[in-house]
Amino acid sequence: MALARNSDSEEHLHSTFASRYVRAVIPRFKMPDNSMPKDAAYQVISDELMLDGNPRLNLASFVTTWMEPECDKLIMESVNKNYVDMDEYPVTTELQNRCVNMIANLFHAPVGEDEAAIGCGTVGSSEAIMLAGLAFKRKWQQRRRAQGLPTDNPNIVTGANVQVCWEKFARYFEVELKEVKLSEGYYVMDPAKAVEMVDENTICVAAILGSTLTGEFEDVKTLNDLLAEKNAETGWDVAIHVDAASGGFIAPFLYPDLEWDFRLPWVKSINVSGHKYGLVYAGVGSSQIIAQYYQFIRLGFEGYKNIMENCMDNARRLREGIEMTGKFNIVSKDIGVPLVAFSLKDSSKHTVFEIAESLRKFGWIIPAYTMPADAQHIAVLRVVIREDFSRGLADRLITHILQVLKEIEGLPSRIAHIAAAAKVSGGEEKTAKMSLEDIAKYWKRLVENKRNIVC
């Protein structure tokens, strides 16, 4: 008796997981020859995505992971619009311009009440920094040419704590990156040291409002005042760009008297990420622009202020719980982005990298990393507090940290293992010279491919 192979239509009569599509090897390198039913295609992809981390438990990221259902609905209704076709989608363009004006007003831009501000939407702060850096470079070149001076050696001054996109800007657009090194206990750019590094070839100084390492705000006001003095003495025109990717939607609501924005005369440009504390999903297109406008008119100043205050309250609760363990030093500050960065008091037997690795079994994604030069011997964990991180989750995380501490204290020291390996390869003398910095370097090599996770 011969049996015919089931047709595609007959496949729908069977359980999804009994169909031949789900039982076959998933295509990885070559497009399949034949089609498959939509429910099967959905299922095989959905199953693989289950192995991703839970975005709500990804405490490495500043990026928004929750929005209201009404905003989700607006996003889906506009996701098929190609925003760059502004002639075809003029209303979306108008909403972008409204967002720019609202942000400019929030940052005290010197524009009239009915005057349009200068700005635009970008894919993210990385693209915004590229555009700002190019603008500073072009302006510097034009000024130098007018003075009959060479234009082939521009530089930019930043702290060593800047996000990696600044390094990319310098590399892509042939600008020397002059970094102010950090020191233990001081993990942001020192404005006095930054101004000392400024010379006639400096296109701008980049200040960070919300360091990705510790959440701390750099002192833009002092930087502005010192630059004003140096420009007056030298006749230069070195200005400031503020990278407010994380802090730009925090400072106006929590620290309204803090001077860091266009109130300072030498601050000429600012970038801010709507997909961070602007409370919008990542990306840029019609849907994200519409979502940003939704958040602005839905929440207003009052709503944003309430959310940021709640984030800071939860950050304080988490900080208190971590301090109560007695095992950690807090390296983040009270004023800044709502996050908690902390290091082990005793790293002689175990490291923060082990803690981060162990917390993954509970679903928590928490980055561990070493500080930039000259504080690279300090290794920390960092927990970012977003709108959807509740008091209950903070308490649960504290419980899991305590559990992990108890577990690793009963395990053999990995530090001893590293030292033993050094002894085999380098002898007793090398083992004796093992330091926390060496250990941190070892772990850093293991996680080097995850560098961007701290952003």
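Author: The model is predicted, and its protein chain has an accessible surface of about 23700 Å². Carbon and sulfur atoms account for 53% of that surface. The chain is built with 15 helices and nine strands. Among its contacts between residues at least 6 apart in sequence, 69% join residues at least 24 apart.

Rolling a probe the size of a water molecule over the atoms shows where empty space is left. In this chain the count comes to one cavity of 30 Å³ or more. The volume of the largest cavity is about 80 Å³.

Its lining draws on several stretches of the sequence. Phe62, Thr64, Thr65 and Trp66 are among the lining residues. Lys276, Tyr277 and Leu279 also line the cavity, as do Arg386, Glu387 and Asp388. Sorted by class, the lining has four nonpolar, two polar and four charged residues.

For a view of burial elsewhere in the chain, take helix α12, which spans residues 352–359. This helix is mostly covered, with seven of its eight residues buried. Those buried residues are Val352, Phe353, Glu354, Ile355, Ala356, Ser358 and Leu359.

Technical notes: Residues are numbered from 1 along each chain as its sequence is written. This is a predicted model: local features need pLDDT of at least 70, side-chain atom pairs count only at pLDDT 80 or more; totals for chains, interfaces and linings use all residues. Side-chain values use heavy atoms; hydrogens and water are left out. On a 1 Å grid over the protein atoms alone, a cavity is a set of points where a 1.4 Å probe fits but cannot get out, and a pocket is an open set with protein on both sides within 12 Å along at least five of seven lines; lining residues have an atom within 4 Å of a point. Grid points are joined across faces, edges and corners, and a volume is the space filled by probe spheres set on the points. Ala, Val, Leu, Ile, Met, Phe, Trp, Tyr, Cys and Pro count as nonpolar, Asp, Glu, Lys and Arg as charged, and the others, Gly among them, as polar. Helices (H or I, at least four residues) and strands (E, at least two) are DSSP runs, numbered from the N terminus. Contact means heavy atoms within 4.5 Å. Accessible areas come from the Shrake-Rupley method with a 1.4 Å probe; for residues, only the protein chains shown count as cover. Buried means under 20% relative accessible area, exposed over 50%, partly exposed in between (1.4 Å probe, protein chains only).
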